[in-house]
Amino acid sequence: MTVFIMVAGAFTGAHVWQETAALLAAAGGEVHAVPLTGLDADRPAAPASVDLETHIADVIAAIDAVDAGSGREIVLVGHDYGIHPVLGAADRRPLRVARVVYLECGMPQNGVPALAAVPDQALRARLAERARRGERGGELAPPSRDEWQRWGSVAGLSDAALDRLTALAAPQPLGTLLQPLRLTGAVTAVPTTGVLCTRNGVSIDLVQRLVDFGDPALAALTGPQVTFFELPTGHWPMLSCPTELADVLLRAAVGGGRRLRPVGADAPPAHLRPFPVDVPELPRDRRGQVDLYVPDAGGPRPAVVLVHGGPVPAGARPTPRDWPTLVGHARLAAAEGVVGVTLDHRLHDVADYERAAADVTAAVELVRADPRVDADRIALWFFSGGGLLTADWLTRPPAWLRCLAASYPVLAPLPNWGLDGSRFHPARAVTHAGALPVVLLRAGRETPEIAATVEAFVTAAEDCGARLELVDVPNGHHGFETLDAPEETRPALLRAMRSVVAHLTG
């Protein structure tokens, strides 16, 4: 028999597991939804006395209550914040735990507090400042009914479920978010399963992509004891789809789920596959953070600056400016008679958009200062998660910016990125674009979450009369240049490049 010990996320308690627990029990499992001190009604406590160690002790007590000689295997399930006390407890009882399930949460690291996983970046910054001032007591008020979206996608939640989530929410003791998680490393021997909710912006394919970037810190995710499941719902699957969640947990308990492919196991990862258009092997000219591909033509030439997507882990090798897609676009631009430019920027995490925006601005100024470049004729071309960086250029297009292009871009913050209140919202910024031409390459098989941001952008652009040109790739996926058949993608790439060049040279 499997014993499921389940720990809820921020502001919630054992009550959220009610339906899932009943289904697991009906399937023959034993279920313990852990009441957390200071969050559950039957474990009240003064906020100042409750921290992460308090909740780790709550979970350890639940583990120790299971008879070690009974032969029952313990599966710990941590949702959201709940993964922190789960990992702390599993690290101290590694021989008692058969598997840890990461349900809609990050990968906490030793010495890092749960605050780092708070999605709302503005709130995270305010709480971090309080921590720096030594204000570790008190509590954080729970979200109102309209504020849950700031903590994760509410997709799939009925009105009744959202009302229940709000009515039963409790203040979160600040100590639970500010105290660092301490791990000895023993928990790394425990098998793990990740359950990802795609409506919150994360999928198994996305995690595979991050692994493929080559960051050594993510290599452990390809281990034989690590599996993954997806659920097509938002951040609270125990309320939106308890039947499906119970099924996934039962399968996880016996080692089921999809496994990730180690880097280079069968073939090069998608981002390192060849560019689908034959382009001349023009050498690069590396200048600081940018590489220039300069055509053999007289006089200063217009330039297309290619801005990679992300987030890309800091340890990724090769770095984006050497990826075939970016180099291919730059050489294609040079073949059309303009300077092609690739660059590296520091979008390593969704919290890095400010820094990445500054990096792109600096790179553009470096390019414009090059004597081989016509500083008054520049196009910017953004990819994937770099799409949010278009917002600044759409809001205040400089006179020298002759065109803006984007390939399979993210054009509004995804639910779990915590950027709703930021300036990085192209679907809003496009209303200020004026006469700036925008060339948008749209993938017909884009993920629903990203496709929704693109459609919101297109609608806003059409409503305000923006100069938007759509180049559709009907059967294209996100990253279609190296994923899909060349005959599908090549015509769209050539059309888009020639349109951009026409805006630069016309």
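At 8% relative accessibility, does threonine 325 count as buried or exposed?

Reply: Threonine 325 counts as buried, since its relative accessibility is 8%; buried means under 20% relative accessible area, exposed over 50% and partly exposed in between, with a 1.4 Å probe and protein chains only. This is a predicted model, in which local features need pLDDT of at least 70 and side-chain atom pairs count only at pLDDT 80 or more, while totals for chains, interfaces and linings use all residues. Residues are numbered from 1 along each chain as its sequence is written, and side-chain values use heavy atoms, with hydrogens and water left out.

Threonine 325 lies in helix H10, residues 324–335. Helices (H or I, at least four residues) and strands (E, at least two) are DSSP runs numbered from the N terminus. Leaving aside neighbours within four places in sequence, threonine 325 is in contact with Phe275, Phe383, Tyr408, Glu481 and Thr482, where contact means heavy atoms within 4.5 Å.

Six strands make up an open sheet with parallel pairing, in the order S2-S1-S3-S4-S7-S8; two strands pair if DSSP finds at least two bridges between them. Strands S2 (30–33) and S8 (226–231) stand at the edges with a single partner strand each, so one side of each has no neighbour in the sheet. From one strand to the next the twist averages 20°. S1 (residues 2–7) runs parallel to S2 and is joined to S2 by four bridges. Phenylalanine 4 has valine 31 as its bridge partner in S2.

Helix H3 (residues 83–92) lies across S1, strand S3 (73–79) and strand S4 (97–103), at about 160° to S4; axes are lines fitted to C-alpha atoms, for helices over the stretch in contact, and angles run from 0 to 180 degrees between N-to-C directions.

Helix H2 (residues 52–64) packs in this region too. The buried residues of H2 pack against S1, S3, H3, S4 and helix H6 (174–178). Among them are Leu52, Ile56, Val59, Ile60 and Ile63. At the start of H2, a side-chain oxygen of aspartate 51 comes within 3.1 Å of the backbone nitrogen of glutamate 53.

Aspartate 40 is in the loop between S2 and H2 and is buried, with a relative accessible area of 9%. Its side chain reaches the backbone nitrogen of leucine 36 at 2.8 Å, and a polar atom of that side chain lies 2.9 Å from the backbone nitrogen of alanine 14. Beyond four places in sequence, the contacts of aspartate 40 are Gly13, Ala14, His15, Val34 and Pro35.

The structure holds ten aromatic pairs; rings of Phe, Tyr and Trp (its six-membered ring) pair if their centres lie within 6.5 Å, and planes under 30 degrees apart count as stacked, over 60 as edge-to-face and the rest as tilted. Tryptophan 148 and tryptophan 236 have ring centres 5.6 Å apart and planes at 85°, so the pair is edge-to-face. Tryptophan 148 lies in the loop between strand S5 (139–140) and helix H5 (159–167), and tryptophan 236 in the loop between S8 and helix H8 (237–240), so the pair ties together parts 88 residues apart in sequence. Tryptophan 148 is buried at 1% relative accessible area, and tryptophan 236 is buried at 4%. Phe11, Trp148, Trp151 and Trp236 form one aromatic cluster.

Key:
A polar contact is a pair of N or O atoms within 3.5 Å; within protein, one must be able to donate a hydrogen and the other to accept it, and residues adjacent in sequence count only if both atoms are side-chain atoms.
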